[in-house]
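Reader: Please take one part of this model and go through it closely. I would like to know what it is joined to and what surrounds it.

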Amino acid sequence: MSDVEEQQVRIDQTDKRAMWPFLTAATLILLVILGILIAALVSPAEKNVTDSDRLSLAARGFIQSRSGTDTPKAGAACPDFDENRSPLHVPGGTGRTFEFEGLTDPALDGDKATAQVTFRTGDREDTTTWHFTKNAGTWVVCNSG
């Protein structure tokens, strides 16, 4: 055997690895997760809904409740709602189906609002000004004026 084969390679195993980089990374991850949880509790997603979104929901709910019937479901319209002045009123037309297409140009004034609502009945699409009132914290469809 030669000297090279007999010579042992010494491995220095006294090098100790530090834990602080791993602990720092774990702490940072925990802080990020904690920050996300706190942000979710302070500002839940349902509070990020705009008044325009709420008006759209009211209009969609009214149209869906009114589609195929002559009167809207309770809670979709103002308590003193007059069907003869409804934005979906069609003289002599009963049982029509309506589809909500969209809402634009919302104008809010306290607990009252107006918006341009587009809806479809059959192959006809109409856009009219709808009036809304906040009733018990929820927007509902009302008659004009």
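Author: Cys78 counts as buried, because its relative accessibility is 11% and the cut-off for burial is under 20%. The model is a predicted one, and every value here is computed from it. Cys78 forms a disulfide with Cys142, with 1.4 Å between the two sulfur atoms. That is the one disulfide the structure holds. It ties together distant parts of the chain: Cys78 sits in the loop between helix 3 (51-66) and strand 1 (99-109), while Cys142 belongs to strand 4 (residues 138-142), 64 residues apart. Cys142 is buried as well, since its relative accessible area is 8% and the limit is 20%.

What is the order of the strands? The sheet is open, has four strands in the order 1-2-3-4, and pairs them in the antiparallel sense. Strand 1 and strand 4 are its edges, each pairing on one side only. Cys142 therefore lies in an edge strand, given its place in strand 4. Direction ignored, neighbouring strands are turned against each other by 35° on average. Helix 3 packs on this sheet and touches strand 1, strand 2, strand 3 and strand 4. The direction of helix 3 makes about 135° with that of strand 1.

Going through the pairs in order, strand 1 and strand 2 run antiparallel and are joined by eight bridges. One of the partners is Gln116 in strand 2, which bridges to Thr104. The two strands form a hairpin with two residues between them, and Gly110 in the turn has a positive phi of about 70°. Strand 2 and strand 3 (residues 124-135) are also antiparallel, with ten bridges. Phe119 is the bridge partner of Asp126 in strand 3. This hairpin, too, has two residues between its strands, with Gly122 taking a positive phi near 65°. Strand 3 and strand 4 pair over five bridges, again antiparallel. Here Asn135 has Thr138 in strand 4 as its partner.

Ala113 is in strand 2 and counts as buried, because its relative accessibility is 4%. Setting aside residues up to four places away in sequence, Ala113 touches Leu55, Ala107, Leu108, Trp130, His131, Phe132 and Trp139. Trp139 is 26 residues from Ala113 along the chain, yet their C-alpha atoms are separated by 8.8 Å.

Thr118 also has its place in strand 2, which covers residues 112-121. Is Thr118 buried or exposed? Thr118 is buried, because its relative accessible area is 15% and the cut-off is 20%. Leaving out neighbours within four places in sequence, Thr118 is in contact with Glu99, Phe100, Glu101, Gly102, Glu125, Asp126 and Thr127.

For the chain as a whole, there are three helices and four strands, in the order α-α-α-β-β-β-β from the N terminus. Of its 145 residues, 26% count as buried, and Cys78, Cys142, Ala113 and Thr118 are among them. Among contacts between residues at least 6 apart in sequence, 47% join residues at least 24 apart.

How values were computed
Residues are numbered from 1 along each chain as its sequence is written. This is a predicted model: local features need pLDDT of at least 70, side-chain atom pairs count only at pLDDT 80 or more; totals for chains, interfaces and linings use all residues. Side-chain values use heavy atoms; hydrogens and water are left out. Buried means under 20% relative accessible area, exposed over 50%, partly exposed in between (1.4 Å probe, protein chains only). Contact means heavy atoms within 4.5 Å. A disulfide is a pair of cysteine sulfur atoms within 2.5 Å. Two strands pair if DSSP finds at least two bridges between them. Axes are lines fitted to C-alpha atoms, for helices over the stretch in contact, and angles run from 0 to 180 degrees between N-to-C directions.
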